Amino acid sequence: RMPLLLDCDTGIDDAFALTYLACRPEVEITGIVSTAGNVPTEAVLGNNLVLAELLGIDAPVARGARTPLVQELMTAEDTHGPTGLGHARLPTPTRQADDRSGAQLWVDAARRHPGQLVGLVLGPHTNLALALEIEPELPRLLKRLHVMGGAINHRGNTGATSEWNVAVDPEAAQRVLIAFSEAPTRPVLAGLDTTEAVRFWQPELDAVRALGDHPVVPILVEALQFYFEFHQADGFGWSAHVHDPLVAAHAVTGRFLETTPLPVDVELTGTLTRGQTVADPLGRWGREPNVDAATSADAPAFIAHLWETLRSGLST
Ligand code: BDR
Ligand code: CA
């Protein structure tokens, strides 16, 4: 099976990604790192512990850093609800967090599966950046890193040009991009350019409700309902952009995204553009491409694959 470490800020779409991964028989989730982002670390940790328990994921769940590397933490309760999962009311987790830091969990997982571990970042990059301080060889220890982050030829969803996961901790995102330019296989950077192609409307909300009796289903329904309310209030209509599971599905299957090699860096100093991912397609910087940037997505094929996976994985 494919050993995979998930780093996320659960988060409504993160919850769908986690559920998707738990339903894929070829994936072995080796650990979950709870990163501050959509909501503070403690709330993310609680969500991850409960979801892991309900989904039967027998892997350590770690508490990540409480703040970004440099700037203050910003959170998005308006988008994801007061605890990160919309209207869902979660039971108190019976499982405990792992004793290790999120950064240490990255390092231990990579050392345990040298050359095999797939890293998947669906939130800010804080813990992976901290892990690089402990183990600078991480880029060479991972099989491949997959990231949901940035917006290259697309407006931002946080600042005018910045995407949430990068905007929450731009220094961490930049450190990761620089360190992983040494990786034998370029990381995949999938940003809003492709993830906004995945949009759920009422039929998708109905499809989630119809997934059956599994205890995770009402959580996903109540979370998604809130996500729709936020997007409607934000002018997007009765729908939701569901970013993270597409990137998870590409990491697992290699399908649904087209990518192109590009030099990409993070703007740290722009007064209007801090946190923007800037690409250099014409090579003006004289740098080699450091990422495979996602340029287009086959959203219908991905959504069909998601339902197929959830229907078989959640059947009770
Ligand atoms: C990203 O930001 C978060 O709110 C979502 O979970 C996703 O990972 C999209 O910009
Ligand atoms: Ca996320």
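Strand β9 (residues 257-262) and β12 pair in the antiparallel sense over six bridges, where strands are DSSP runs of E of at least two residues and helices are DSSP runs of H or I of at least four, both numbered from the N terminus, and where two strands pair if DSSP finds at least two bridges between them. Within this pairing, proline 261 stands opposite aspartate 292 in β12. The model is predicted, and in it local features need pLDDT of at least 70 and side-chain atom pairs count only at pLDDT 80 or more, whereas totals for chains, interfaces and linings use all residues. Residues are numbered from 1 along each chain as its sequence is written, while chains are lettered from A and ligands numbered from 1 in the order in which they are written.

Strand β12 is also joined to strand β6 (residues 188-190), with which it runs parallel, by two bridges, and the partner of leucine 189 in β12 is alanine 293. Five of the seven residues of β12 are buried, a residue being called buried if 20 or more other C-beta atoms lie within 10 Å of its own, exposed if 12 or fewer do, and partly exposed in between, with C-beta atoms placed from the backbone. Alanine 294 belongs to this strand, which covers residues 291-297, and counts as buried because it has 28 C-beta neighbours inside 10 Å. When neighbours within four places in sequence are left aside, alanine 294 is in contact with Val188, Leu189, Ala190, Gly191, Asp193, Thr194, Leu257 and Thr259, contact requiring that the C-beta atoms of two residues, placed from the backbone, lie within 7 Å. The C-alpha atoms of alanine 294 and valine 247 are 9.5 Å apart in space, although 47 residues separate the two in sequence.

Five of the seven residues of β1 are buried, so the strand is largely enclosed by the rest of the structure. On its part, β4 is joined by four bridges to strand β5 (residues 144-148), the two running parallel, and leucine 120 stands opposite histidine 146 in β5. In a regular strand the side chains alternate between the two faces of the sheet. In β4, Val118 and Leu120 point one way and Gly119 and Val121 the other way, and all are buried.

Among the helices, α5 (residues 126-134) is mostly covered, with seven of its nine residues buried, namely Thr126, Asn127, Leu128, Ala129, Leu130, Ala131 and Leu132. These buried residues pack against β1 (2-8), β2 (27-34), α4 (102-112), β4 (118-121), α6 (138-141) and α8 (170-179). Helix α2 (residues 41-55) has 15 residues and should span 21 Å at 1.5 Å a residue, which agrees with the 21 Å between its end C-alpha atoms; the expected span is 1.5 Å times one less than the number of residues. Because 12 of the 15 residues of α2 are buried, this helix is largely enclosed by the rest of the structure. The buried residues of α2 pack against α1, β2, β3 (61-63) and α11 (216-233), and the helix is followed by glycine 56, whose phi is positive, near 70°.

Ligand 1 is surrounded by 15 residues, the closest of which are Gly11, Asp13, Glu163, Trp164 and His243, a residue being near a molecule if its C-beta atom, placed from the backbone, lies within 6 Å of it. The shell divides into four nonpolar, seven polar and four charged residues, where Ala, Val, Leu, Ile, Met, Phe, Trp, Tyr, Cys and Pro count as nonpolar, Asp, Glu, Lys and Arg as charged, and the others, Gly among them, as polar. Helices α1 (12-22) and α7 (164-168) each supply at least two residues of this shell. Asparagine 157, in the loop between β5 and α7, counts as buried because it has 20 C-beta neighbours inside 10 Å, and touches Glu163, Trp164 and Leu192, not counting residues up to four places away in sequence.
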